[in-house]
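This report walks through one chain, from single side chains to the overall fold. Keep the sequence and the structure open while reading.

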Amino acid sequence: MIGSNLLTAAFRIVTAAAMAIVLAGPAAAQQSNQYSMQEIIDAGHGFFGEASGGLAKVVERAFESYGLPNGYILGQEGSGAFVAGLTYGEGTLNTKNAGQHPVFWQGPSLGLDWGGQGSRTMMLVYNLPDVNALYDRFGGVSGSAYVIAGVGMQVNVNRDIVLVPIRAGVGARLGINAGYLKLTRQPTWNPF
């Protein structure tokens, strides 16, 4: 009877351990394709350099809202607006499972917005099923209020894919606007 109970208990432990491994498999695989907050902050500090003072707080806010990204873009952009505006940028998409890919973005905006800026940009990329899904239009609303320098965050969405551009830039910009970013494989002057 004691031997039978020990055998039953051992079987239950082995079964529970096997189920835990099976159930954790997809989650572990998914996490291996995602970036931790520390990995993103380290990449941002190396990229933004002196302008990275507020980066950790902005990244923390993005992680609280959207979780772990499965990609990020490092690049630079320029934008300007007087009611209607334009943005142009270029960078590199970084992923753990698909490597690095060049990315260009451009887009129009419309709103109560005035000024211009040049920015170093880190875009956190969430729910990216494959690299080709990135090359599309992502709509969003943006607000800016800084003179000389600042760090800001925006959210752009297309279906389930979420882009969170974090910008550290110089210039003078004040206002709020709605628009989209069109991400492409090649540079283009056409923002539409």
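F47 is buried, since its relative accessible area of 16% falls under the 20% cut-off. F48 also counts as buried, at 6% relative accessibility. The model is a predicted one.

How many aromatic pairs are there? The count comes to four. One of them joins F47 and F48: the ring centres are 5.3 Å apart and the planes stand at 70 degrees, so the pair is edge-to-face. The cut-off for that class is over 60 degrees.

## A ring pair across the chain

Y66 and Y126 make a tilted pair, because their planes are at 45 degrees, with ring centres 5.7 Å apart. This pair links distant parts of the chain. Y66 sits in helix α3 and Y126 in strand β2, 60 residues apart.

Y66 counts as partly exposed, at 34%.

## Overall layout

The chain comes to three helices and five strands. From the N terminus the order of elements is α-α-α-β-β-β-β-β. The chain has 192 residues, of which 41% count as buried.

## Helix α2

Helix α2 covers residues 37-48. After α2 comes G49, with a positive phi near 60 degrees.

The buried residues of α2 are I40, I41, A43, G44, F47 and F48. They lie on the same side of α2, because they cover an arc of only 165 degrees around the axis. In general, an α-helix has 3.6 residues a turn, so residues three or four places apart point the same way. The buried residues of α2 pack against α3, β1, β2 and β5.

## I41 in detail

I41 lies in helix α2. I41 is buried, with a relative accessible area of 11%. Which residues does I41 contact, leaving aside neighbours within four places in sequence? They are L55, A56 and V59. I41 and V59 are 18 residues apart in sequence, and their C-alpha atoms are 7.1 Å apart.

## The nonpolar cores

The largest nonpolar core has 20 residues. Within this core, I40, Y72, M122 and L124 have the most contacts. Two or more residues come from each of α2, α3 (55-66), β1 (71-95), β2 (99-126) and β5. Another core lies apart from it, with 16 residues, among them V103, M123, I161 and L163.

What does M122 touch, not counting residues up to four places away in sequence? The list includes I40, A43, G44 and F48. Y72, I73 and L74 are also on it.

Strand β4 spans residues 155-158. N156 and N158 form its covered face, while V155 and V157 form the uncovered one. β4 pairs with strand β5 (residues 161-184) in the antiparallel sense, over three bridges. V157 has V162 as its bridge partner in β5.

Two residues lie between the strands of this hairpin. R159 takes a positive phi there, near 55 degrees.

V141 lies in strand β3 (residues 137-153). Is V141 buried or exposed? V141 counts as exposed, at 51% relative accessibility.

V141 still has contacts beyond its neighbours within four places in sequence: Q154, V155, I176, N177 and A178. V141 and Q154 are 13 residues apart along the chain, and their C-alpha atoms are separated by 7.1 Å. V155, another contact of V141, belongs to the uncovered face of β4.

Definitions and conventions. Residues numbered from 1 in each chain as written. Predicted model: local features only at pLDDT ≥ 70, side-chain atom pairs only at ≥ 80, totals over all residues. Heavy atoms only, no water. Buried < 20%, exposed > 50% of the residue type's maximum accessible area, 1.4 Å probe, protein only. Helix = DSSP H or I, 4+ residues; strand = E, 2+ residues; numbered from the N terminus. Pairing = 2+ DSSP bridges. Core = buried A, V, L, I, M, F, W, Y, C linked by side-chain atoms within 4.5 Å. Contact = heavy atoms within 4.5 Å. Arc of directions from axis to C-beta. Phe/Tyr/Trp six-rings, centres within 6.5 Å; stacked < 30°, edge-to-face > 60°.
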